[in-house]
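Here is a protein to look at together. Take a moment with the sequence and the 3D view, and then we'll walk through the main features.

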Amino acid sequence: MTMSLRIYELRCPGCLNDLSGITSDKVFICGNCQKAFGAHNGKLTEEQLFFGASQHSLDKNDITIFLPFWRFHIAPTVLDPQQNNITATTAAATLDTIWIPAFYDVRPTVFGNVGMNLTLARIQPQLLPLSNNRIIQLPGVARRREDATLYVQPFVAGIVDRQKDISGLSINVRIGDAKLWGLPFGYDLQTTTLTDGLLGMQYPTAMVEYFEELAFAYGIGK
Ligand SMILES: [Zn+2]
């Protein structure tokens, strides 16, 4: 087996700014241009990037950070063992958008499945208006689109299974476009919790792998 090591020059193709990130990053954000670039076969390819506005008031002591998610448009189909289409009778019927964390979420069954919760709540975030003098960071994109795509089918199966036993059913998911979003979370230093700015749900910072490094990238802590 041979291993190849690829070294990218991490500069923004637009403004030549350094594209710094944390060690797990697979997509890099230029703070100047507010653009995202994924590394593919030795080249940097631009990804569209959106930031969601907070809809839930975050405590004034909190620091707002953005965690990255892939928003997939999907069209699921559920077939019973006789191959009848029973999609309309399942939770998949109204499921056209799902949110898969683009950061490494650690043990979601223990710490809470933030992507699942956002998906079940059918959130439709308002776009956060970007201005020239406001730089928004989005470090921690550890999953590229193709990595996140692997989670789509099991994610949909998990949602259908909450409502009815899926044994014997076949669940097919047609995957449409996927866009990278930064969603706001309030970080409370005292309780080391993250409060989701769209639903107001709380999670321990331990749900995010490399959280300390991420916080450091935001200029928080050591
Ligand atoms: Zn740039």
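## The parts list

Let's start by counting: the secondary structure of this protein comes to 5 helices and 9 strands. Keep in mind that what you're looking at is a predicted model.

In what order do the elements run from the N terminus on? The pattern is β-β-β-β-β-β-α-α-α-α-β-β-β-α.

## Overall size and packing

Now zoom out. Along the principal axes, the C-alpha atoms fill a box of roughly 55 × 50 × 35 Å.

What share of the residues count as buried? The figure is 32% of the 222 residues. There's also something to say about who touches whom: if you take the contacts with a separation of 6 or more, 66% of them are accounted for by residues 24 or more positions apart.

## A sheet of three strands

Next, find the open sheet of 3 strands, which has the order β1-β2-β3 and antiparallel pairing. Its edge strands are β1 (27-30) and β3 (43-47), and each of these pairs on one side only. On average, neighbouring strands of this sheet are turned by 35 degrees against each other, if you ignore direction.

Look at how β1 is joined to β2, which covers residues 35-40: the two run antiparallel, with 4 bridges between them. For an example of a bridge pair, go to phenylalanine 28, whose partner in β2 is phenylalanine 37.

Most residues other than glycine have a negative phi. Two residues here are worth a look with that in mind.

One is leucine 16, in the segment before β1. Leucine 16 isn't a glycine, yet its phi is positive, at about 65 degrees. Is leucine 16 buried or exposed? It counts as exposed, because it has 11 C-beta neighbours inside 10 Å, and the cut-off for exposed is 12 or fewer.

The other is glutamine 34, in the loop between β1 and β2. Glutamine 34 also has a positive phi, of about 55 degrees, although it is not a glycine. With 18 other C-beta atoms within 10 Å, glutamine 34 is partly exposed, because a residue needs 20 or more to be buried and 12 or fewer to be exposed.

How values were computed
Residues are numbered from 1 along each chain as its sequence is written. This is a predicted model: local features need pLDDT of at least 70, side-chain atom pairs count only at pLDDT 80 or more; totals for chains, interfaces and linings use all residues. Two strands pair if DSSP finds at least two bridges between them. Axes are lines fitted to C-alpha atoms, for helices over the stretch in contact, and angles run from 0 to 180 degrees between N-to-C directions. Two residues are in contact if their C-beta atoms, placed from the backbone, lie within 7 Å.
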